Amino acid sequence: MKMKTRLFLILTLIVVSSPSIVPCFAQYAAHTQFSLPEGAKARLGKGGINEIAYSPDGSLLAVASRIGIWLYDTETSEALALLTGHTGGVARVSFSPDGTILASAGGRFDRTVRLWDVDTGTLKTEITTGHLGDISSISFRPDGTTLASGSLGFGATVRLWDVGAGALKSELKGLWGGVTNLSFSPDGMTLASAWDWDMKVRLWDVETGTLKSELTTGHSEIYSILFSPDGTTLASTGARGDTTVRLWDVGTGTLKSEITTGHYWGNIRIAFSPDATTLASGSNDDWRVLLWDVATGTLKTTIKGHLAGVVSVSFSRDGSTLASGSFDGTVRLWDVATETLKSEFIGHTALGNISFSPDGATLASSSGRVLSLWDVATGTRKITISGHLLGIRCLSFSPDGAVLASGSSNGPLRIDTARLWDVATDTLKLKSTLEGDYWVSSLSFSPDGTILASGIWETGVGISEGKVRLWDVATGTLKSELPGHVGDVHSVSFSPDGLTLASGGQDETVRLWDVATGTVKATFTEHTTAVYSVLFSPDGTTLASVDERVRLWDVATGAVKFTSTFTGAGRVLFKPDGLTLASYGEGGTVLLWDFRLAPSEPPRLAADVNDDGVVNIQDLVAVAAAFGETGETPADVNGDGQVNIQDLVAVAASFGEVAAGAPSAANLSTETVQHWLSAAKQLNLTDTTSQRGIRLLEQLLLMLTPKETALLANYPNPFNPETWIPYQLANPADVTLRIYTIDGSLVRMLSLGHKGIGMYQSRSRAAYWDGKNEIGEPVASGVYFYTLTAGDFTATRKMLIRK
């Protein structure tokens with residue numbers, strides 16, 4: 001129980017030292033607070049399950065999920081921690097034999113392995129593996145000194161890592177194809193690897209790295225392999241239609257027995273009991289867990305209870321408990337002797353869609369075909385039912401909160417495209433069904449509840465177009481259609497007065513429709529990828545739209561008011577009070593954010609050319625860009641009808657302290673400022689205000705002239721797929737940038753040309769690398785070095801690509 005005590009102390013210190021966190025702990029369940037992004041106040045859901053693993057002493061259970069690693073106390077079923085950091089979720093987890101270290105392998109495109117301190121929940125080591133494909137398996141050697149990792153894809157390898165140093169010890173190469181699974185023998189002298197190219201299991205001598213033998217399994221595809229605890233037997237399982245488990249004699253390499261499991265499709269995960277007499281099997285297309293007699297190959301027990309396929313199984317160290325993780329979002333602990341459920345950990349369903357009730361007290365969510373209602377105040381689930389025959393794509397509450405609409409894929413027989421549910425007293429009772437030959441991607445009730453708008457993707461023979469349909473809720477009949485989008489209409493939203501309908505689609509546009517006439521009032525085209533969510537704020541003055549970032553638009557003017565810094569939202573919802581924003585997307589969880597729109601801005605200053613509320617260097621640049629323009633323009637600061645050097649000096653004179661502009665000075669060059677200063681002095685301006693502006697330009701020029709040449713840190717870092725590399729030059733020079741792999745191989749050379757004295761830090765002036773090699777191929781994740789050469793100056797720094 002050492003870890004539980006440590007974590008409790010850590011959380012206590014956080015609460016005491018951070019007053020802003022206290023209200024969250026007081027209102028929400030503890031696990032909803034773990035590892036939140038900056039600004040979020042709660043998380044609903046825990047992300048889908050990929051794998052589970054018992055700690056050696058049986059006190060902890062680790063769950064690899066789409067958002068991180070959850071650690072549970074197996075006695076109390078309490079969630080103790082959420083370990084985050086992988087960029088693509090977590091695919092695999094494994095405890096070291098002594099239980100002090102937990103290893104995790106990243107999910108899709110995250111080809112790192114992380115080693116965590118189990119006592120403190122802190123990261124000990126991050127290993128950039130260099131695997132060319134996604135990591136499929138990790139396994140500790142029984143003495144805990146070595147960790148093996150294997151990857152999928154062409155040219156895959158098995159790599160052995162020194163756990164203490166985090167360094168590569170050796171590499172085992174097979175034939176073409178990927179490694180699907182790894183398992184160490186109990187004595188640690190042999191490592192078994194399964195390959196998907198030739199369906200063989202290869203047994204390697206761990207000390208020498210040489211191939212000892214091969215097993216031709218006969219599987220159509222190998223999904224998993226596992227040594228028995230006594231080391232005499234190796235089990236292999238099939239996938240994609242191969243539902244067999246085969247038991248091999250390790251000493252002779254011969255087949256001992258074959259078990260036809262009866263799982264429906266294959267993709268079978270297995271676990272041996274500690275005494276090696278029982279084998280548990282679970283399949284991701286079968287809701288059952290099966291227990292087999294290893295000696296006879298006969299079925300001993302069938303355990304039922306999950307509502308979806310089983311993705312992972314694991315025995316406790318004493319063999320009395322079996323853990324199983326499922327697509328139904330639960331991890332269940334079973335008493336092996338009595339075949340009864342001991343406890344379960346819930347909430348690991350990957351949430352797909354959400355909708356707030358009008359009073360903000362309830363949140364509806366979907367996952368696949370399943371509908372759930374959540375208590376927003378506590379973050380707990382109130383009810384869950386199977387809502388559709390096919391996957392649910394969208395949800396919307398009626399204005400009075402009495403009805404919940406859900407939309408689905410249509411299927412081959414025009415089945416349950418949309419359903420209306422009675423949600424009185426927190427139950428879900430079907431009221432009516434709307435049918436059609438299309439996918440319903442989005443739903444929204446009109447403010448008076450009489451009209452239901454549906455964004456659809458019509459997919460009949462020879463048809464693939466997006467439309468908005470308006471339905472009469474009382475009769476279930478179609479009132480009108482609003483065509484115009486190209487591709488799927490991902491989201492629709494009524495304005496609070498019901499006069500305007502917003503829609504966002506795959507065609508990267510947001511459209512505002514006049515509900516009465518069905519005509520387009522406005523189209524917003526600033527998005528660069530598909531728009532997955534649109535919604536009006538409760539007062540109707542703001543429209544939120546989401547591609548990856550959240551944008552807030554002024555409905556009256558069409559101007560962008562806000563662009564979020566967090567990404568991956570997918571969809572967002574305002575809580576009816578307008579103070580909370582819910583976002584959901586990658587990872588399958590919902591984040592709740594404290595959100596308040598910015599107050600009205602004060603009257604605009606004449607020298608604030610770009611109208612950002614402060615007079616700074618950006619205003620200087622804006623005036624310079626407009627030199628020579630005549631007529632009415634914000635850049636004509638002194639109002640004389642022409643943009644000229646007097647306007648530039650007027651902006652400079654309106655600055656506060658010089659340092660206030662320093663963070664943005666990298667956008668300017670010494671040549672530009674020198675030109676401005678010379679032009680201003682030629683005007684012979686003698687008034688106090690103009691002289692102050694000239695002095696500021698002189699100080700700015702001094703600030704932009706570096707005292708020494710330097711190579712600066714790239715940004716962003718880590719990055720994917722592009723980065724900017726800033727530098728500064730104290731003398732003019734021919735500049736070259738070279739990028740190398742960690743082993744010193746040249747990846748790319750960028751000839752930047754002859755550059756003058758100055759700062760080269762902004763994106764428009766810094767060196768740019770698109771993450772590709774000389775022949776235009778994207779490079780793999782990992783550590784790279786970049787070297788700048790400028791005359792006699794040379795410097796090197798490190799950067800990290802994380803995909």
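The largest cavity of this predicted model is lined by F109, D110, R111, T112, E126, T128, S781, G782, L800, I801, R802 and K803, a cavity being a set of points, on a 1 Å grid over the protein atoms alone, where a 1.4 Å probe fits but cannot get out, with lining residues having an atom within 4 Å of a point. Strand 9 (122-128) and strand 61 (793-801) are the elements that give two or more residues to this lining, where strands are DSSP runs of E of at least two residues and helices runs of H or I of at least four, both numbered from the N terminus. The space in the largest cavity amounts to about 40 Å³, volume being the space filled by probe spheres set on grid points that are joined across faces, edges and corners. In the whole structure, 3 cavities of 30 Å³ or more are found.

Residues are numbered from 1 along each chain as its sequence is written, and side-chain values use heavy atoms, with hydrogens and water left out. As the model is predicted, local features need pLDDT of at least 70 and side-chain atom pairs count only at pLDDT 80 or more, whereas totals for chains, interfaces and linings use all residues.

Open space was also examined. The second largest pocket, an open set of points with protein on both sides within 12 Å along at least five of seven lines, has a volume of about 1,400 Å³. Its lining comprises 41 residues, of which Y54, S94, F95, L226 and S314 lie nearest the centre of the pocket. At least two lining residues each are supplied by strand 2, strand 6 (90-95), strand 10 (135-140), strand 14 (179-184), strand 18 (222-227), strand 22 (268-272) and strand 26 (310-315).

Between strand 2 and strand 3 (residues 60-65), the antiparallel pairing extends over 5 bridges, and A53 is placed opposite A62 of strand 3.

Aromatic pairs, defined by ring centres within 6.5 Å for Phe, Tyr and Trp (its six-membered ring), and classed as stacked with planes under 30 degrees apart, edge-to-face over 60 and tilted for the rest, number 8 in the structure. The pair of F34 and W70 is tilted, because the ring centres are 6.2 Å apart and the planes stand at 50 degrees. This pair links distant parts of the chain, with F34 in the loop between helix 2 (22-27) and strand 1 (40-44) and W70 in strand 4 (residues 69-73), 36 residues apart. With buried meaning under 20% relative accessible area, exposed over 50% and partly exposed in between (1.4 Å probe, protein chains only), F34 is buried at 6% and W70 is buried at 0%.

The rings of W769 and Y784 form an edge-to-face pair, their centres being 6.0 Å apart and their planes at 65 degrees. Since W769 lies in strand 59 (residues 767-769) and Y784 in strand 60 (residues 782-790), this pair ties together parts that are 15 residues apart in sequence. W769 is buried at 0% relative accessible area, and Y784 counts as buried at 6%.

One aromatic cluster is formed by Y715, W724 and Y768. The charged end of R763 sits over the ring of W724, 3.8 Å from the ring centre, by the criterion that NZ of Lys or CZ of Arg is within 6 Å of the ring centre and within 35 degrees of the ring normal. R765 lies over the face of Y760, at 4.4 Å from the ring centre.

Notes
Pairing = 2+ DSSP bridges.
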